[in-house]
Amino acid sequence: MPTPPLAPLLDLVVADPALAGALAAVGRERTYDLVAPPGVRPFAVAAIAARRPVLAVVATGREADELTAALQALLPESAVAMFPSWETLPHERLSPRADTVGRRMAVLRRLAHPGDEPLQVVVCPVRSVLQPMLPGLGEVLPISLRVGDATDLDDLVERLAELAYVRVDLVERRGEFAVRGGLLDVFPPTEEHPVRVELFGDDVEEIRSFAVADQRTIAPVARLDAPPCRELLLTADVQQRAKTLLAEHPELADILGRVSEGIAVEGMEALAPILTSSPLGLLTDQLPDGMHVVVCDPERVRTRASELVRTGAEFLAASWSAVASVGGGADGAGGSAPVDLEPAAYRELSEVAETAAVHGIPWWSVAPFGDGDAVDAQPAAALRGDGEAIAAYVGDLAVPVVITAPGHGSAVRIAEMLSGADVAATSVEALAGVTGVQTLPAQLVHGFITPRVAILTESDLLGTRNVIGGGKLPGRRRGVVDPLTLKPGDPVVHETHGVGRYVEMVQRTAAGATREYLVLEYAAPKRGLPGDR
């Protein structure tokens with residue numbers, strides 16, 4: 001396993017007396033408050049995680065992406081995971097995306113069953129810790145297949161249906177599967193591409209990824225891992241409860257009717273409090289023994305938590321008003337949910353902290369200001385791309401300097417800029433030692449300066465801020481045209497150039513590679529002129 005690029009910096013940073021004191025308190029203190037600039041947070045979390053696993057709570061999803069990327073530069077990448085929040089409110093008649101559910105279920109599974117690669121840090125936005133969830137999600141067994149395994153295809157199909165995968169003729173979206181003879185196509189919610197499993201009898205002969213657009217093989221893969229696509233699974237108990245509730249609440253027939261038949265439907269998660277026999281719990285109820293909660297910038301986290309609780313309460317009635325009005329009263333007025341959905345509403349942050357205390361989970365914080373133990377570090381100056389000022393600033397620092405940039409090219413350019421201004425700088429891929437001025441690719445957003453080392457970022461020097469994570473996994477776009485079905489003269493909408501007419505498909509060879517291209521014809525800019533191709 002490769003050494004994380006910034007790992008040598010960790011010992012230099014945690015030599016600070018305040019951080020050393022915090023590490024000495026791991027396992028002894030239930031609460032502990034550190035005061036440090038934002039750039040120090042990933043180092044503090046990584047240092048604690050080297051002793052006990054950590055649940056790092058931040059205010060927003062973007063901050064969670066940034067902290068996850070920073071921690072993966074300090075710790076083994078597989079030891080850090082982000083636990084995303086739903087894109088929907090808990091009581092909305094909308095289901096979270098399959099890739100979001102898949103990532104959440106994969107993290108919960110690893111927490112419950114660490115295996116050979118236990119998680120050291122789980123990063124989550126505060127929305128994830130406020131939202132109640134079904135208990136025991138980490139015990140839901142995913143589907144896992146390797147080449148050479150023996151499996152019964154009928155059992156595999158039944159298991160995929162239990163995990164809320166939808167059977168289709170042609171796999172196009174996450175959470176779908178298809179069967180053709182001895183071929184099983186599955187699109188796991190956590191993967192970039194769908195996977196094709198080739199069976200000979202009951203033996204898995206080959207597993208490979210393929211493209212959604214043309215169904216062609218991309219590359220062999222080592223294994224298929226298919227986590228559930230829903231957090232509410234349609235078990236026999238859930239179906240029976242839906243059937244019973246259907247008689248009491250005919251206004252919910254569009255959801256309860258299909259759930260009672262074992263069919264997953266959009267927004268069914270909103271009814272989880274009444275469809276399951278177990279009460280909903282919190283993420284802190286599913287954390288393993290010995291885990292620490294570290295709240296990063298607790299004031300921002302508290303503010304965001306209050307906003308979420310307030311917004312959730314306001315929209316609870318609004319999102320169900322249409323349903324409540326069906327058969328509601330003579331005037332059709334409504335506004336409240338027809339069933340009690342309060343158990344699914346966001347909890348107060350104080351209640352989450354109390355739950356953590358009940359389970360003996362320490363509740364620590366790292367804040368930019370306050371009364372806690374202060375780390376001897378200062379935020380880096382914001383230089384906003386002034387080349388002369390950057391060179392002077394870096395050259396005047398009396399400690400070793402490490403400058404991070406999002407990519408290799410950016411790191412090289414910063415090193416060249418400094419060298420051109422007579423500041424000796426070296427571009428490296430990973431730190432072997434901490435001397436002089438070095439630039440390297442790593443996803444840090446905020447820099448800081450300590451008496452032992454200065455850690456600067458491209459954002460500090462140039463004023464740019466790289467967007468880290470937060471994007472949806474690529475998938476098939478709606479309305480994409482299969483080029484093999486086009487006939488000359490068919491209208492085609494190009495994403496950039498607009499509406500044109502299909503002419504033909506041609507092959508061209510460039511740099512030794514032969515590719516196929518579509519020729520489209522567009523209207524002439526003026527009457528009488530030839531069209532553009």
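Buried here means under 20% relative accessible area, exposed means over 50%, and partly exposed is anything in between (1.4 Å probe, protein chains only). Everything below comes from a predicted model, where local features need pLDDT of at least 70, side-chain atom pairs count only at pLDDT 80 or more, and totals for chains, interfaces and linings use all residues. Residues are numbered from 1 along each chain as its sequence is written, and side-chain values use heavy atoms, with hydrogens and water left out.

**Figure 1. Leucine 456 sits in strand β21 (residues 454-457).** Helices (H or I, at least four residues) and strands (E, at least two) are DSSP runs, numbered from the N terminus. At 0% relative accessibility, leucine 456 counts as buried. With contact meaning heavy atoms within 4.5 Å, and neighbours within four places in sequence set aside, the partners of leucine 456 include Ala380, Tyr393, Val394, Leu397, Ile449 and Leu461. Val401, Val402 and Ile403 are also among them.

**Figure 2. Glutamine 438 belongs to strand β19 (residues 437-441).** Its relative accessible area is 9%, so glutamine 438 is buried. Skipping residues up to four places away in sequence, glutamine 438 touches Val401, Val402, Ile403, Thr426, Val428, Leu431 and Gly433. A polar atom of the glutamine 438 side chain lies 2.9 Å from the backbone oxygen of glycine 433. For reference, a polar contact is a pair of N or O atoms within 3.5 Å; within protein, one must be able to donate a hydrogen and the other to accept it, and residues adjacent in sequence count only if both atoms are side-chain atoms.

**Figure 3. Helices α1 (residues 7-14) and α3 (residues 41-49) cross at roughly 95 degrees, their axes coming within 10 Å.** That makes α1 roughly perpendicular to α3. Axes are lines fitted to C-alpha atoms, for helices over the stretch in contact, and angles run from 0 to 180 degrees between N-to-C directions. Under 35 degrees counts as roughly parallel, over 145 as roughly antiparallel, 65 to 115 as roughly perpendicular, and the rest as oblique. On the α1 side the meeting residues are Leu9, Leu10, Val13 and Val14; on the α3 side they are Phe43, Ala46 and Ala47. By class, that contact has seven nonpolar, no polar and no charged residues.

**Figure 4. Leucine 75 is in the loop between α4 (61-71) and β3 (80-82).** At a relative accessible area of 6%, leucine 75 is buried. Proline 4 is 71 residues away along the chain, yet its C-alpha atom is separated from that of leucine 75 by 5.8 Å. Leaving aside neighbours within four places in sequence, leucine 75 is in contact with Pro4, Ala46, Ala49, Val80, Gln120 and Val121.

**Figure 5. The largest nonpolar core has 76 residues.** A nonpolar core is a set of buried Ala, Val, Leu, Ile, Met, Phe, Trp, Tyr and Cys residues joined through side-chain atoms within 4.5 Å. Leu55, Val57, Val126, Val197, Val259, Leu275 and Leu283 have the most contacts inside it. Leucine 283 touches Leu55, Phe83, Leu108, Cys124, Ser128, Val129 and Met133, not counting residues up to four places away in sequence. Apart from this core lies another, of 52 residues, including Ala64, Val80, Val402 and Ile455.

**Figure 6. Helix α9 (residues 253-260) has Ile255, Leu256, Gly257 and Val259 buried.** The buried residues of α9 pack against α8 (236-248) and α10 (272-275). After α9 comes glycine 262, with a positive phi near 80 degrees.

Figure 7. Most residues other than glycine have a negative phi. Glutamine 215 is in the loop between β10 (203-210) and β11 (217-220), and aspartate 297 is in the loop between β13 (292-296) and α11 (298-319). Glutamine 215 is buried at 17% relative accessible area, and aspartate 297 counts as buried at 10% relative accessibility.

Terms used. Ala, Val, Leu, Ile, Met, Phe, Trp, Tyr, Cys and Pro count as nonpolar, Asp, Glu, Lys and Arg as charged, and the others, Gly among them, as polar.
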